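Biologist: Can you walk me through this protein? Keep it plain, please.

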Amino acid sequence: MKKNIYISVSTDPIKEYQKITEYVKEMQGQADLLHCDVMDGEFVSNETYNYNLVKSLNDNTLLMLDVHLMIAKPEMIYLNYIEAGANILTLHYEAVENKEVLPTVFKNIHDRHTLAGLAIKPETSFKEIKMFLYDVDLVLVMSVEPGASGQKFMSEALDKIKELDKFRQENNLSYKIEVDGGVNDQNAKSIVEAGADILVSGNYVYNSQDRQKAIEILRNCVK
């Protein structure tokens, strides 16, 4: 049976609000998700937008909003993004100062009928987050250092994806594995074969002459 692969197109390559809105409208009916990269200039060096733009994007699309918080202390402000319209809300493990609050955060997200995700940077090991995998709907594996678009995919991420997939199967869990960073037509097949379900694409889709075709190439990378 063919595995379903979902494509989450990222807003990261786009710097102007009007162009983001245009892109969002174009992607409706083509991509599966809209990956909203939120950066605060503290957890990562770049700074993008906050929940106000997420709300605006929500007003302009029927796409599910896959909101990726690359911000310091997300446990202090995450509820604002749910109110703004996030369908999936993903926090960075490394950004939460007191990891003991994570189960409560995930419960609060679920109580508001939103999917909960946990993101990890390249240097964070699978073992560090294992205890939280029973509480999440999605694990986001960063295959580049978060904060800058256009980086090259780090092949070391494949081992982490395999570990997550093995743990999921062994424990009968249903979380999705999402991969973000340098995903393109050259590496999508190996990423999916390692166990990924959702591919985030920034530059590959956005800079393609035929964006719909680029999405289909990613979605059908494994026949």
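Modeller: Let's begin with a term. A nonpolar core is a set of buried Ala, Val, Leu, Ile, Met, Phe, Trp, Tyr and Cys residues joined through side-chain atoms within 4.5 Å. Also, this is a predicted model.

Biologist: How many residues are in the largest nonpolar core, and which have the most contacts inside it?

Modeller: That core has 67 residues. V67, L89 and L199 have the most contacts inside it. The largest share, 5 residues, comes from α6.

Biologist: Which residues make up a second, separate core?

Modeller: The second core has 8 residues, including L33, M142, V144 and I198.

Biologist: Now α6. How far apart are its end C-alpha atoms?

Modeller: They are 20 Å apart. Helix α6 covers residues 157–170, and its 14 residues should span 20 Å at 1.5 Å a residue, so the two values agree.

Biologist: What do the buried residues of α6 pack against?

Modeller: They pack against β5, α5, β6, β7 and α7. Those buried residues include L158, I161, L164 and F167. K160, D165 and R168 of α6 are buried too.

Biologist: And α2, which residues are buried there?

Modeller: In α2, residues 51–59, the buried ones are L53, V54, S56 and L57. They cover an arc of only 160° around the axis, so they sit on the same side of α2. They pack against α1, β2, β3 and α3.

Biologist: What happens at the start of α2?

Modeller: A side-chain oxygen of N50 comes to within 3.0 Å of the backbone nitrogen of N52.

Biologist: New topic. Is T11 buried or exposed?

Modeller: T11 has a relative accessible area of 2%, so it is buried; the cut-off for buried is under 20%. T11 lies in the loop between β1 and α1. It touches L57, as well as I20, H35 and Y49 among others.

Biologist: What is the phi of H113?

Modeller: H113 has a positive phi of about 60°, although it is not a glycine. Most residues other than glycine have a negative phi. H113 is in the loop between α4 and β5. At 77% relative accessibility, it counts as exposed.

Biologist: Where is K73?

Modeller: K73 is in the loop between β3 and α3. Its phi is also positive, near 50°. K73 is partly exposed, at 40% relative accessible area.

Conventions:
Residues numbered from 1 in each chain as written. Predicted model: local features only at pLDDT ≥ 70, side-chain atom pairs only at ≥ 80, totals over all residues. Heavy atoms only, no water. Buried < 20%, exposed > 50% of the residue type's maximum accessible area, 1.4 Å probe, protein only. Helix = DSSP H or I, 4+ residues; strand = E, 2+ residues; numbered from the N terminus. Arc of directions from axis to C-beta. Contact = heavy atoms within 4.5 Å. Polar contact = N/O pair within 3.5 Å; in protein donor to acceptor, adjacent residues only side chain to side chain. Expected span 1.5 Å × (residues − 1). Lists of a residue's contacts leave out its neighbours within four places in sequence.
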